[in-house]
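Dear colleague,

Please find below the structure that I am handing over to you. My notes on the findings follow directly after it.

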Amino acid sequence: METKNVLIAYHSQSGQMREIIDQFIAPFRHDLTYKFFFHQIKPVKEFPFPWTSRQFFDVFPESVTEVGCELHPIPNELKQSYDLIIIGLQVWYLSPSIPITAFLKSDDFKELANQTPVITLNGCRNMWFMAQRSIKGFLLAAQSNYVGHLVWFDKVNNLVSVITIMHWAFTARKDKKWGILPRPGIKDEDISKARGFGETLKHFWESDRLQSLQDEYIKQGGVEVLPHLMSMEHKAKRIFKVWTRLSLKQGGPGTPKRDAVLVAFKYYLLFMIYLLSPIATLIFYLTYPLFYLRIKRNIAYYQSVR
Ligand SMILES: Cc1cc2nc3c(=O)[nH]c(=O)nc-3n(C[C@H](O)[C@H](O)[C@H](O)COP(=O)(O)O)c2cc1C
């Protein structure tokens, strides 16, 4: 049987995405038909982990504007044609993380992905909808064949995961904040479900049905949508763009005047999350029947690869 070459390009500060990938490809491990090539996406100027609060908010404008950053190029030995490309990614400020944006926009990626099936694995906190819209755009621009999209997120309450993710980001420790809050990030039992999605991929690929893989992933619960978060993101994105314009007017990364705007943004964000979002969620569910058809349409859009 002809060997199938698979490129896995991923970025992960904590290693969480690598854990997901390892589970996802576990069903292929003993099958010599498949050959896996790994490319860890690395910015030339690394982003910190753990972050200081200032560093964490300083990447906000460039995340939102999706300008990317300079990356180490793909090594020459990985430049070949692939039968499948798997991208392990995460979200920063409702956009693909800066290194992932840079990769998806790069000529290296466009060359490799042209007419090639692509699957994206997204490991985030829980707000991924607007980022998914951008990802679809980048994959379309690269003329790739988008066949699969899976999302893992932290299933604890939105107001709790904001605290735990910041604890994780600011300490690089995945332990329980104050000894009582849940551990940050995606739960181990959810990560281990990646293996099942890998099995589905193998099954669909071997029966030449990659084009209907996503329908099966949706049936298997591979892209769970929390409708109130989806609705909130549409509004949050508009607000993010206003704060981005305000901070970019003050200058580039690290500029002191821009720092002041970003500190104001930090407090606005906390106000939005802890005071406005519970009210918005309540209104969302009270008016749910009025917008039922639109919500259904949006869910279908964010679950699909079209
Ligand atoms: C600067 C920054 C911004 C983030 N913004 C979001 C976000 O808007 N939505 C979300 O669901 N997760 C967000 N996250 C969480 C990440 O998507 C991701 O789950 C976490 O950072 C672990 O990723 P890793 O694989 O790089 O370790 C953010 C993380 C960072 C560091």
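The protein chain contains 13 helices and seven strands; helices (H or I, at least four residues) and strands (E, at least two) are DSSP runs, numbered from the N terminus. Please note that this is a predicted model, in which local features need pLDDT of at least 70, side-chain atom pairs count only at pLDDT 80 or more, and totals for chains, interfaces and linings use all residues. Residues are numbered from 1 along each chain as its sequence is written.

**Domains**

The domain assignment, which is automatic or from a database, divides the chain into domain 1 (4-224) and domain 2 (228-301). Their centres, taken over C-alpha atoms, are separated by 23 Å. Domain 1 brings 17 residues to the contact and domain 2 brings 18 residues, where contact requires C-beta atoms, placed from the backbone, to lie within 7 Å. On the side of domain 1 that touches domain 2, at least two residues each come from α2 (53-58), α3 (60-65), α6 (129-141) and α7 (158-171). The most come from α3, with five residues.

**Ligand**

The ligand is surrounded by 20 residues, and S12, S14, Q90, C124 and R125 are the closest; a residue is counted if its C-beta atom, placed from the backbone, lies within 6 Å. Two or more residues of this shell are given by each of α1 (16-25), β4 (91-92), β6 (117-124) and α7.

**Overall dimensions**

Along its principal axes, the C-alpha trace of the protein chain spans about 60 × 45 × 40 Å.

With kind regards

Methods
Contact = placed C-beta atoms within 7 Å.
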